[in-house]
Amino acid sequence: MVARQYRVKPPIDPNKDLVTLGPGSAEQDGLWLGALAEETKGRPPQVWLTTSKEQVVAVVGKRGSGKSFTLGVIAEGLGGGSNTNISRQDKPRAVLLLDPLDVYWTTRHPVTSVDNPDDNLEIQRHYKLARNSGLATLCLDVQAWVPGDRNRRPTDPEWFQTLRLPVPSLGLEEWELLLDVNVLTQPMGQALVDSIVLVKETGYSSGGERIHPSQGFGLPELANAVQSDDLDGVYHKESLRALRQRLLSLHATGLFSNDGTPLSDLLVPGRVSVILLERLPDSYRTAVVSVLTRRAFVARGETAFAEKRLALDPDLNSDTRKTLEDAVALGVPKTVIVLDEAQSFLAPGPSSPAREVFVRLVKEGRNIGLSATLATQQPSALDRRILSQVETFIAHQLVTESDIKAVRDNLKSGLPESINFGRLDLDLAGTLRHLDPGVCFVSSADMNTMPRRAVIVAIRPRATVHGGIEL
Ligand SMILES: Nc1ncnc2c1ncn2[C@@H]1O[C@H](COP(=O)(O)OP(=O)(O)OP(=O)(O)O)[C@@H](O)[C@H]1O
Ligand SMILES: [Mg+2]
């Protein structure tokens, strides 16, 4: 893509004609993000995002500025193989792409597959861009997951799979969201907490028969515990009946089961697993995002511990070594958790389980091999604890002062001394307001250039179909 060029001072002196952003070296592991959109002596250098180390990346910009397109570029790069023209992933990570608008399933298809003269002009434009950049043949390992049987549509492609969440992994805040109850103040909520204890820990009596506790319970078992002799007379019959009804309706969505979808099906190195959230009401979306992210966090923590013992513990005998190797082989690989429309999940304010698990992810993920990539049209609406952990900002056009300030306050690199575009002399706010779709202002804590300062980048064309096109 030929982007209009900015005159930026001081000029960038890239190492080996390549600008790399992010921790570590892109020569080990990285992905092609785009080209420098600044005046340079020769050809504008390519810009790569490193992926050898864990990091937190935020893609920000107003509606239609190119965020989802860029997130697709990053997903392609993470899943693009060990040596393609868009990526070097010697040790590929798994990618869990939480997709609130159902726009990323299309990354399964190379952009060539929609080359049809009758197609929409925008699709044809993307195809031409890809072909001109030699990007038209990439195939990714992409799976898409519909949350719950009831949300499957007759129009879905056959390859879509069904996602289920394990009932025992739901926390109290998620129960509150899913059942619309308060566990502290409402009898129905208190009956729920008691029923969970009965089904999971103590067992209960039903019609005189003793039912043993089970860690692997589902919603029907929980609904039975609500009807137990133990709760009879403790709560009003109406509260218990209403709770049972809500549990059974939740069961009918097909989104929950005793064991849930195994993480080993979702998190596979080099695979992009897209979770189609658009079909769910907001409260369910939040519950899916928090349960999946927390499960990945906990399971990856266990695997990372086993990996560390193998690497760092000098006292391993061969039996222990074998046990640890098995745990690693069956465990969760290093993973990048990608969240689009992040403002819907990570806003400050009333307690939100999704936000709390993301705060942990961005603060502690590095230690256990988890990275996060967030996209939002409203960076000012993200919890500060999350915004402050972002190391690489990819900022598309922003117009409101509060969003510009949120980015400015959290940048981890220096700024250019001056930015000119034609006859315009732009400060940071002016530059952000002025960016064309697909052009962005990128600031990273680490980069390979002299001087180290934020750069203006034209995002590369997509190799797979961008699902955010308006038809
Ligand atoms: N790098 C690019 N190259 C070519 N076209 C692009 C690029 N980035 C964005 N576009 C075009 O701009 C349109 C909007 O981009 P995108 O869908 O990424 O917006 P967005 O920022 O995610 O918006 P929203 O907030 O509405 O989700 C796309 O349909 C695409 O056609
Ligand atoms: Mg978008």
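Me: Why are helix 8 and helix 10 called roughly parallel to each other?

Reply: In this predicted model, the axes of helix 8 (residues 282-312) and helix 10 (residues 353-368) cross at roughly 25 degrees. Angles under 35 degrees count as roughly parallel. Helix 8 and helix 10 are therefore roughly parallel to each other. Their axes come within 9 Å, and the crossing is left-handed.

Me: Which residues of helix 8 and helix 10 meet?

Reply: From helix 8, the residues are Thr286, Val289, Ser290, Thr293, Arg294, Phe297, Arg300, Gly301 and Ala304; from helix 10, they are Pro353, Ala354, Val357, Phe358, Arg360, Leu361 and Ile368. By kind, the residues of this contact between helix 8 and helix 10 divide into nine nonpolar, four polar and three charged.

Me: Why is strand 14 described as largely enclosed by the rest of the structure?

Reply: A residue is called buried if 20 or more other C-beta atoms lie within 10 Å of its own. Six of the six residues of strand 14 are buried, so the strand is largely enclosed by the rest of the structure. Arg271, Ser273 and Ile275 point one way from strand 14, while Val272, Val274 and Leu276 point the other way, and all are buried.

Me: What makes strand 7 mostly covered?

Reply: Strand 7 (residues 94-99) is also described by its burial: six of its six residues are buried. Ala94, Leu96 and Leu98 point to one side of strand 7, and Val95, Leu97 and Asp99 to the other; all are buried.

Me: What makes strand 7 and strand 14 a pair?

Reply: Two strands pair if there are at least two bridges between them. Strand 7 and strand 14 (residues 271-276) have five bridges, and the pairing is parallel. Within this pair, Leu96 has Ser273 as its bridge partner, and Val95 has Val272.

Me: Which strand is joined to strand 7 by five bridges and runs parallel to it, with residues 335-339?

Reply: That strand is strand 15. The bridge partner of Leu97 in strand 15 is Val338.

Me: How many bridges join strand 8 to strand 14?

Reply: Five bridges join strand 8 (residues 141-147) to strand 14, and the two run parallel. At one position, Asp141 stands opposite Arg271 of strand 14.

Me: Why is one side of strand 1, and one side of strand 19, left without a neighbour in the sheet?

Reply: Three strands form an open sheet in the order 1-18-19, with antiparallel pairing. Strand 1 (7-9) and strand 19 (424-426) stand at its edges, each with a single partner strand, so one side of each has no neighbour in the sheet. From one strand to the next, the twist averages 20 degrees.

Me: What makes strand 1 and strand 18 a pair?

Reply: At least two bridges are required for pairing. Strand 1 and strand 18 (residues 418-421) are joined by three bridges and run antiparallel. In strand 18, Ser418 is the bridge partner of Lys9.

Me: What kind of peptide bond joins Lys9 and Pro10?

Reply: The bond is cis, with omega about -10 degrees. Pro10 lies in the loop between strand 1 and strand 2 (18-21). The peptide bond from Met450 to Pro451 is cis as well, with omega near -10 degrees. Pro451 is placed in the loop between strand 20 (439-444) and strand 21 (455-459).

Me: What is noted about phi of Asp102 and of Asp180?

Reply: Asp102 is not a glycine, yet its phi is positive, at about 50 degrees. Asp180 is likewise a residue other than glycine with a positive phi, near 55 degrees. Asp102 is found in the loop between strand 7 and helix 2 (121-132), and Asp180 in the loop between helix 3 (172-179) and helix 4 (187-202).

Methods. Residues numbered from 1 in each chain as written. Chains lettered and ligands numbered in written order. Predicted model: local features only at pLDDT ≥ 70, side-chain atom pairs only at ≥ 80, totals over all residues. Helix = DSSP H or I, 4+ residues; strand = E, 2+ residues; numbered from the N terminus. Axes fitted to C-alpha atoms, helices over the stretch in contact; angles between N-to-C directions. Buried ≥ 20, exposed ≤ 12 C-beta atoms within 10 Å, placed from the backbone. Parallel < 35°, antiparallel > 145°, perpendicular 65-115°, else oblique. Left-handed = near helix turned anticlockwise from the far one by under 90°. Contact = placed C-beta atoms within 7 Å. Nonpolar A, V, L, I, M, F, W, Y, C, P; charged D, E, K, R; others polar.
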